[in-house]
Amino acid sequence: MTRATGSGPVFSVEEFVQSLTAQLDKAQDSLAIKAKTGRPLTFALKDLSVDLKVFWEAPQGQLKLRHAAPNEEGASTVHLSFTTITRSMAEENSLSLALDEDHRSLSEIADEASLGEEERRQLEMVGVRTVGQFRRLSESTHPKQVEAYLGIPVNRLRMALERSSRPAVIEQQPVRGPDNRRLMRIRGANLMSGSTPEVLMSGEPVEVLEASETELLVKPMAHHREGQYEVRVSGQRATGFYELPGEEAPGSQADPYATATHPYAQGAYGQANPHQAHQAHQPAHQRPPNGQPQYAESEYLPAGGSRW
Amino acid sequence: MIYEKSTMKNIADFLVDMSDDMPMAVADEATGEGLAVDGFEISVPIESSTDDIGELAVSLPRGRLATGFDLPHGKLTATFIRGEGE
């Protein structure tokens, strides 16, 4: 929500509906709580419709609403209707947030040569907000169609698709293996393409125990403490920086790893500083100013299944 | 009671206040007969605005006389149904 000069606050329809939905949830909860105070019956809100007198404004090209102020004539009427739905109905009408999909935001693969701010806004208008959604769009449409409807040139779309298919590391964390061996989990995108990727820590190849497109489990050598690691996938590479605690007696207070209930329990080290855990461990001078992990530059590899 | 407090309030509180005003049932103690309310719909003119955290605040029209400073009136229609308590 932003405040327009000399008038009330302006808000987008999307954020307004989200806010109103949360308020209606609160109303339902309040009504339900009344029933818990001993009343045998209570009322529940079934349907709600609201007519609001508003003015439409378009700051920076985005359509926004503003409530009509006193003595303002010519306001539009926005009619909103709400009805109650069940959880299963909500899930059927929501986006599938599959765990194996690439949830990086488009800004993480975009630059001015591929998807600039305007292009990203155009894609967001049709519901494409993540890299995974962008790749799904590429599998089901022709780039000329997207160019015709959204005005994004084909070469920019292809460049963005190429960037989306590069391997990238997002975070890493030490974990304890079932034999009490220290391991390291690497999370990212495009970390496997057919065969098991090659992983080097401080320039030395290490064993890859498990591999998927979004996650790797590797076995560092005993002397690995900190340094750079590298993931090589089909001739492309992604890099990050690791920092592993030394070996401690299991169960001791100094043991930085969590007690293993799962075969590969998450180490306390990874939880101690969530901000740090979400960054590839890079020396401060090598981190980009926005704190985002630095993704590797690599050569073009078309995304599997894409029609672009 | 929403009619006594004609100040802007969060729409969640406004809706709960509206349901408070409706009795669940009325009965005649002498005859033992009564009527229960299964549901009701209420439609009221409202003044609306957005508060500082972006939530919708509404009130019933607050001005008895048109002064030129009244907010234009929207409309709110809510349907309540009877639900089981504990």
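Which residues of α1(B) are buried? They are B:Ile11, B:Ala12, B:Phe14, B:Leu15, B:Val16, B:Asp17, B:Met18 and B:Ser19, where buried means under 20% relative accessible area, exposed over 50%, and partly exposed in between (1.4 Å probe, protein chains only).

Before going further, keep in mind that this is a predicted model, in which local features need pLDDT of at least 70, side-chain atom pairs count only at pLDDT 80 or more, and totals for chains, interfaces and linings use all residues. Residues are numbered from 1 along each chain as its sequence is written, chains are lettered from A and ligands numbered from 1 in the order in which they are written, and side-chain values use heavy atoms, with hydrogens and water left out.

The model comes with an ipTM of 0.76 and a pTM of 0.51. Chain B has a mean pLDDT of 81, with 81% of its residues at 70 or more; pLDDT is the predictor's confidence in each residue, from 0 to 100. Where pLDDT is low, the predicted coordinates should not be read in detail.

Back to that helix. α1 of chain B runs over residues 11-20 and is mostly covered, with 8 of its 10 residues buried. Helices here are DSSP runs (H or I, at least four residues), numbered from the N terminus. At its start, B:Asn10 brings a side-chain oxygen to within 2.9 Å of the backbone nitrogen of B:Ala12.

Now for the charged pairs. A salt bridge is a side-chain nitrogen of Lys or Arg within 4 Å of a carboxyl oxygen of Asp or Glu, and that rule gives 19 of them over all chains. One links A:Lys144 to A:Glu147, with the closest N and O atoms 3.5 Å apart. Both sit in helix α5 (residues 143-150) of chain A, and because they are 3 residues apart there, about one helical turn separates them. An α-helix has 3.6 residues a turn, so residues three or four places apart point the same way. A:Lys144 is exposed at 53% relative accessible area, while A:Glu147 is partly exposed at 26%.

What about a pair tucked away from solvent? Take A:Arg166 and A:Glu162, which are both buried; their salt bridge puts the closest N and O atoms 2.6 Å apart. The bridge between A:Glu230 and A:Arg237 has its closest N and O atoms 3.1 Å apart. Here A:Glu230 is buried, at 12%, whereas A:Arg237 is partly exposed, at 36%. Finally, A:Glu171, A:Arg185, A:Arg187 and A:Glu215 join up in a network of salt bridges.

Technical notes. Helix = DSSP H or I, 4+ residues; strand = E, 2+ residues; numbered from the N terminus. Polar contact = N/O pair within 3.5 Å; in protein donor to acceptor, adjacent residues only side chain to side chain.
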